[in-house]
Amino acid sequence: MSHSPPATATHPVGEHGATPLESFKYDDAIVRKFVLATVLWGIVGMLVGLLIAVQLALPAANLGMEWTSFGRLRPLHTNAVIFAFAGNALFAAIYYSTQRLCKTRMFSDLLSNLHFWGWQAIIVSAALTLPLGITQGKEYAELEWPIDLAIAVVWLGFFGTNFFGTLAIRRERHMYVALWFYIATIVTVTMLHVFNSLAIPATWTKSYSVYAGVQDAFMQWWYGHNAVAFFLTTPFLGLMYYFLPKAAEKPVYSYRLSIVHFWSLVFIYIWAGPHHLHYTSLPAWASTLGMLFSVMLWMPSWGGMINGLLTLRGAWNRVAVDPILKFYVLGVTFYGMSTFEGPMLSIKSVNALSHYTDWTIAHVHSGALGWNGFMTFGMVYWLLPRLFQTNLWSKKLMSTHLWIGTIGLLLYVIPIYTGGITQGLMWRAFDATGRLAYPDFVETVTALMPFYWLRVIGGTLYFAGVLLLGLNTVMTWLNRAKVYEEPVVTAPALAPRYIDPPVPDSSLAGNLEVARAADSFFVSGWFHRVWERKPLKFTVLAIVAVVVASLLEIIPTFLISSNVPTIASVKPYTPLELAGREIYIAEGCYNCHSQMIRPIWAETKRYGEYSKPGEFVYDHPFQWGSRRIGPDLAREGGKQSHDWHVRHFENPRALNGNSIMPSYEHLLKQTLDFEGIQRRVDVMAMLGVPYGENVKNGKAVEAARVQAAQMADDLVKQGGYKDMGDKKVIALVAFLQRMGRDISQPADAPAAPAPTAGPVDQAGAKSLSANTQEAAR
Amino acid sequence: MSSIMSSMELWIWPSIAMVLFLLVFVGVAMRVLRATRQECEHNAGLPLFDGTATSLDHAHGTDAALAPSKKGDAR
């Protein structure tokens, strides 16, 4: 089966040593499991997505429960669709194609099953913990440390070992390009996950990132961007390079282009993360570097798209009648559109408008629903009859899925593109007198309502398509073969020795010997040809490509002192504020509110002084956010009274009829765990936060109680509720009242206390409930 | 280490990045330009000749009937 260059009498090359034909069977049982899990989690993840989309248009759809609020469900949605739906899909693709490309069964059936069940256990853990508010508060990396450890074990220990073990026992000498993408996926995701998740546990369900502020933001978006790159792109490109030729029954258009595609993509993608932090407190050099590499990324991405589409050359007549090929064409086309839009959004001037708006959401969904979704659907429909050894239950339903999904996708993204751009333009609009045209943030929310409803309709259609896939899967499974036939495949084992063809002679003449040798070795491409059949060397090179790029961005960001100038007046959070910050994270407030005012006129006009890197040095983790469904909160401290905040949490629409914020009434009822605060303060001190003796050795609890009692008294004086001193809401208000105030304090001042009187008191203790619209932002 | 890096000019980091990228890109470009047609066709055809069927008609077993002539022209 293995091809070798022709041997010559003088220099025999290729396989050496007779190897008998060996018989083996592919393990399709594991692929069946992953395919079924893909469909199941796709339905669950998208149902949650649909629910939170409805909540934006109709806040009452959170069912009045704390577990189903937007802030808690949004991480569940993103984790479910990325790691459960797309994750199981990429595992199905890898397990099916790797065995066949290597002409061997997977290295270990036990590892395959440990991987499958371990991954499903992780998904279930996520589904249980995220609605409970157990989260690290970092987007797409929310899961707490025990689950993070499990991910590392399952991903690298089970999956990685099994994959590389399979490469080691393969019977095909050359590693097809899809395998390269899988290698890059495994090693890079391992690296991203481990380094971004480094945290010190405070309890079994709470840990604090070892990074703070700017560095944490950098690590998070290095991870976040490359999770898209190496979890949602490279494995799906591997899928494309294998399943598209299979479905089209044609080889990939250009193998040469695939080589350029792979290395360019892997090398460039890893640099691009900082484009998520334009105009923030991240050093400008890192942000600009991220932008440049993002723009360069357009070329390899389109190289891959073109390679995919041109694979169908001469087969377009089949595309017209085959829904599977249509899924692939749409998927690859959406890949092309997303990878054009991504570099465009990374350009600073474009990003200034798009960042924090729904434009980003539209971009993400065009990639996720179009590229990942349609490629997955195409693969699943292609696999179903082969795995269950029967006919697909309904080709008509598959075709209906295609069209309903396409219409749903367009109906989803077009309104959100429109809404996002509208949102960005409204935020920065000024009237003729130089004042903000829409000073009340909620005006920009109200303007989006029609788009939110259209998105619900689009999302419902897309989801309906996925339900059709589920129905087709179940019915095909019910009609499966009584006993699965397991074809015996034969292939010769790789010979123990393989002699490479001789290094080509250099065409250079009259040069130094070293130049001729370099010409032969490098210029001929001989070196790479050898690596392509050496998994270990190839893996090491892929690691070098991503590590070198990462280190060149990470090390300067961490070590150059001018990147994060300290501010003398910025002090650590008080124990009560720290507890409040934890509630902020648990409720997922960062999903709707940013804490980062960019140095843009419209932003400083609306929110106040722009954010400085030194303001975040004690923020483990950072909470800059990536979206503004609600207003930025970086300078929230002191803008409203305690009473306003408490009533706002109780019922946002009582203060502002157009608000879409969920009610957090439970925070007014649930008791704060004062005793647990000490552990949190101790961990923060361990991370380098300069807490003094006043809050060590058990004194943090006392300090928190004192501050809470003081705030509760102030609350009553403001006409607010009594007996709030031991409730969670008081800690959260303490945190909110602290936000962004240190920078305006004198350098030698103690940590800024929560203000005792807010604007409402200053105005004469007006009754909030009687002045709801005035108090609304 | 922090002092050393803080004293360095910032331009050096993106410059190193660009040089590294160009080296990698040139190396890969050279490799593909020197690849033979025969080698590319063999490699590109690997998914189609993996011992299992492509066509649904042969979905339940190995598909020896797939002949190299169906490979097409890989570039």
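What follows is a chat about a predicted model.

Reader: Let's start with chain B. How many helices and strands are there in chain B?
Author: Chain B has three helices and zero strands. Read from the N terminus, its elements run α-α-α.

Reader: And how many of its residues count as buried?
Author: Chain B has 75 residues, and 28% of them count as buried.

Reader: Over to chain A. In which sense do β3 and β4 pair?
Author: Strand β3 (residues 199-203) and strand β4 (residues 206-209) of chain A pair in the antiparallel sense, over four bridges. β3(A) and β4(A) form a hairpin, with two residues between them.

Reader: What is the bridge partner of Thr203(A) there?
Author: Thr203(A) is bridged to Lys206(A), which is in β4(A).

Reader: Now helices. How do the axes of α11 and α14 of chain A cross?
Author: The axes of α11 (residues 323-346) and α14 (residues 395-427) come within 9 Å and cross at roughly 20°. Angles under 35 degrees count as roughly parallel, so α11(A) is roughly parallel to α14(A). The crossing is left-handed.

Reader: Which residues make the contact?
Author: From α11(A) they are Pro323(A), Lys326(A), Phe327(A) and Leu330(A). From α14(A) they are Met398(A), Ser399(A), Leu402(A) and Thr406(A).

Reader: How do those divide into nonpolar, polar and charged?
Author: Five residues of the contact are nonpolar, two are polar and one is charged.

Reader: Different topic. What about α22 of chain A, mostly covered or mostly open?
Author: Mostly covered: α22(A) spans residues 642-650, and eight of its nine residues are buried. Among them are His642(A), Asp643(A), Trp644(A) and Arg647(A).

Reader: Where is Pro621(A)?
Author: Pro621(A) sits in the loop between α21 (601-607) and α22 of chain A. A cis peptide bond joins His620(A) to Pro621(A), with omega about -5°.

Reader: What is phi at Glu249(A)?
Author: Phi of Glu249(A) is positive, about 55°, although the residue is not a glycine. Glu249(A) is in the loop between α7 (234-248) and α8 (255-269) of chain A.

Reader: And what is phi at Tyr356(A)?
Author: Phi of Tyr356(A) is near 75°, again a positive value in a residue other than glycine. Tyr356(A) is placed in the loop between α12 (348-354) and α13 (358-388) of chain A.

Reader: Why is Tyr356(A) buried?
Author: A residue is buried if 20 or more other C-beta atoms lie within 10 Å of its own. Tyr356(A) counts as buried because 24 other C-beta atoms lie within 10 Å. Glu249(A) has 14 within 10 Å, so Glu249(A) is partly exposed.

Definitions and conventions. Residues are numbered from 1 along each chain as its sequence is written. Chains are lettered from A and ligands numbered from 1 in the order in which they are written. This is a predicted model: local features need pLDDT of at least 70, side-chain atom pairs count only at pLDDT 80 or more; totals for chains, interfaces and linings use all residues. Two strands pair if DSSP finds at least two bridges between them. Axes are lines fitted to C-alpha atoms, for helices over the stretch in contact, and angles run from 0 to 180 degrees between N-to-C directions. Angles under 35 degrees count as roughly parallel, over 145 as roughly antiparallel, 65 to 115 as roughly perpendicular and the rest as oblique. A crossing is left-handed if the near helix is turned anticlockwise from the far one by less than a right angle, and right-handed if clockwise. Two residues are in contact if their C-beta atoms, placed from the backbone, lie within 7 Å. Ala, Val, Leu, Ile, Met, Phe, Trp, Tyr, Cys and Pro count as nonpolar, Asp, Glu, Lys and Arg as charged, and the others, Gly among them, as polar. A residue is buried if 20 or more other C-beta atoms lie within 10 Å of its own, exposed if 12 or fewer, and partly exposed in between; C-beta atoms are placed from the backbone.
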